[in-house]
Amino acid sequence: MEDFEEESASGSESEGGDSVMSDGELQEAFAKGVLKPGMNIPLEARKKEVNNVEGLKQCLADFKKDLTWVERLDLTSWPLPDLVAKAEGKLTTLDSREIHAEDDFQREMYFYRQAQAAVLEALPRLKQFNISTKRPEDYFAEMAKTDHHMQKIRTKLLAKQTSMEKSEKAKQLRELRKYGKKVQTDVLQKRQKDKKAMMTAVKKYQKGMTDKLDFMEGDQEKGKKGLAGAAGPSAAKKKRGPNAKRQYKDQRFGFGGKKRGSKWNTKESHDDMSGFRSKAAHGKSGKNRGKGGKQGASKRPGKNARKKMKNRS
């Protein structure tokens, strides 16, 4: 009963399409010749290669058109020789027609000279067919792009140029700031260095280590330079003389002379003793003196006497 159930189960699995066979069963089936090529993996048949020369020639004859050269404008030419190298007697690689495809410069020169040769060969032919190769002076062609589009491009270019100018100006300002900071730093460092050197010299002088006062010469020279710089404009003005307004006033009202410092003593006036009188200076003269010890002072009449004198008059 159990064997019958196993056989019926195996039969049902073999009948179904989703049955899975073990490795042993596959080996037994292969040994019996049950497995055949193509049952599990589809094999594609090898495509037959056909070289139908006659058919190709027939197709070429069908779509080939017998057109004139003006309609085709095709040329096959070799590149022009290098005239400079030819004049110098040198043979270039282009003339020998040995082109290295990896050499970019040589390849581009080959295309350039080949285009030159094609142009020199095509222009005479076009002239023979009375075909103009230059645009007339009064020829106006329609623009490929609209004016609105070109205006947008112009605005964009101007904005780009403006931004570049701004960035360049900002770069120059940054450079100037860096240079100014550097100069300022150098000046401050120099001042600190001079101050330190001067303080060291002062300390040495105070301690008696030196008797030189050379550190004072720098300040004196700076003071002289400052005075010379301050007196420069006034000296130049004195050389030029007074202006036209001052000359007119002097001519009209006269020149009163120097006012400020007119009563100052000088060395000559201090040493001049010709007008000095000792008796008058010390009050020993024989003349009568009035009230207050002043020489030759008259007595003032009283109040009543002045009234009487007034009434008389």
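**Helical architecture and local geometry of the predicted model**

Leucine 73 is placed in the loop between helix α4 and helix α5 (83-87). Here helices (H or I, at least four residues) and strands (E, at least two) are DSSP runs, numbered from the N terminus. The structure is a predicted model, in which local features need pLDDT of at least 70 and side-chain atom pairs count only at pLDDT 80 or more, whereas totals for chains, interfaces and linings use all residues. Residues are numbered from 1 along each chain as its sequence is written, and side-chain values use heavy atoms, with hydrogens and water left out.

The phi of leucine 73 is near 50°, a positive value in a residue other than glycine. Most residues other than glycine have a negative phi. Leucine 73 has a relative accessible area of 51% and therefore counts as exposed, the classes being buried (under 20% relative accessible area), exposed (over 50%) and partly exposed (in between), with a 1.4 Å probe and protein chains only. Arginine 72 forms a salt bridge with aspartate 74, and the closest N and O atoms of the pair are 2.8 Å apart; a salt bridge is a side-chain nitrogen of Lys or Arg within 4 Å of a carboxyl oxygen of Asp or Glu. Arginine 72 is partly exposed, at 42% relative accessibility, and aspartate 74 is likewise partly exposed, at 40%.

The protein chain as a whole contains 12 helices and 0 strands, so that its elements, read from the N terminus, run α-α-α-α-α-α-α-α-α-α-α-α. Of its 313 residues, 4% count as buried. The chain exposes about 31000 Å², of which carbon and sulfur atoms supply 54%; accessible areas come from the Shrake-Rupley method with a 1.4 Å probe, and for residues only the protein chains shown count as cover. Among the contacts (heavy atoms within 4.5 Å) with a separation of 6 or more, 40% are accounted for by residues 24 or more positions apart. A search of the whole structure finds 5 salt bridges, including the pair formed by arginine 72 and aspartate 74.

Helix α6 comprises 25 residues (residues 104-128), which at 1.5 Å a residue should span 36 Å; the end C-alpha atoms lie 37 Å apart, in agreement with that value. The expected span is 1.5 Å times one less than the number of residues in the helix. At the start of α6, the backbone nitrogen of phenylalanine 105 is reached to within 3.4 Å by a side-chain oxygen of aspartate 103. Gln106, Tyr110, Arg113, Ala117, Ala122 and Leu126 are buried in α6, and the buried residues of this helix pack against α4 (69-72). Helix α6 also holds both glutamate 121 and arginine 125, 4 residues apart, about one turn of the helix. These two residues form a salt bridge in which the closest N and O atoms are 3.6 Å apart. Glutamate 121 is partly exposed, with a relative accessible area of 31%, and arginine 125 counts as partly exposed at 31% relative accessibility.

With a relative accessible area of 70%, asparagine 130 is exposed.

Helix α7 comprises 60 residues (residues 147-206); at 1.5 Å a residue these should span 88 Å, and the distance of 87 Å between the end C-alpha atoms agrees. Isoleucine 153 is situated in α7 and is partly exposed, with a relative accessible area of 31%. Together with Met143, Met150 and Leu157, Ile153 makes a nonpolar surface patch of about 370 Å². Patches are made of residues with over 30% relative accessible area and no salt bridge, like charges being joined within 9 Å and nonpolar side chains (Val, Leu, Ile, Met, Phe, Trp, Tyr) within 5 Å. Glycine 208, which follows α7, has a positive phi near 80°.

Helix α9 (residues 244-253) is hardly covered, the count of buried residues among its 10 residues being 0. Within α9, aspartate 250 and arginine 246 lie 4 residues apart, about one turn of the helix, and their side chains meet in a salt bridge (3.3 Å, N to O). Aspartate 250 counts as partly exposed at 24% relative accessibility, as does arginine 246 at 41%. Glycine 254 follows α9 and has a positive phi, near 85°.

Methods
Polar contact = N/O pair within 3.5 Å; in protein donor to acceptor, adjacent residues only side chain to side chain.
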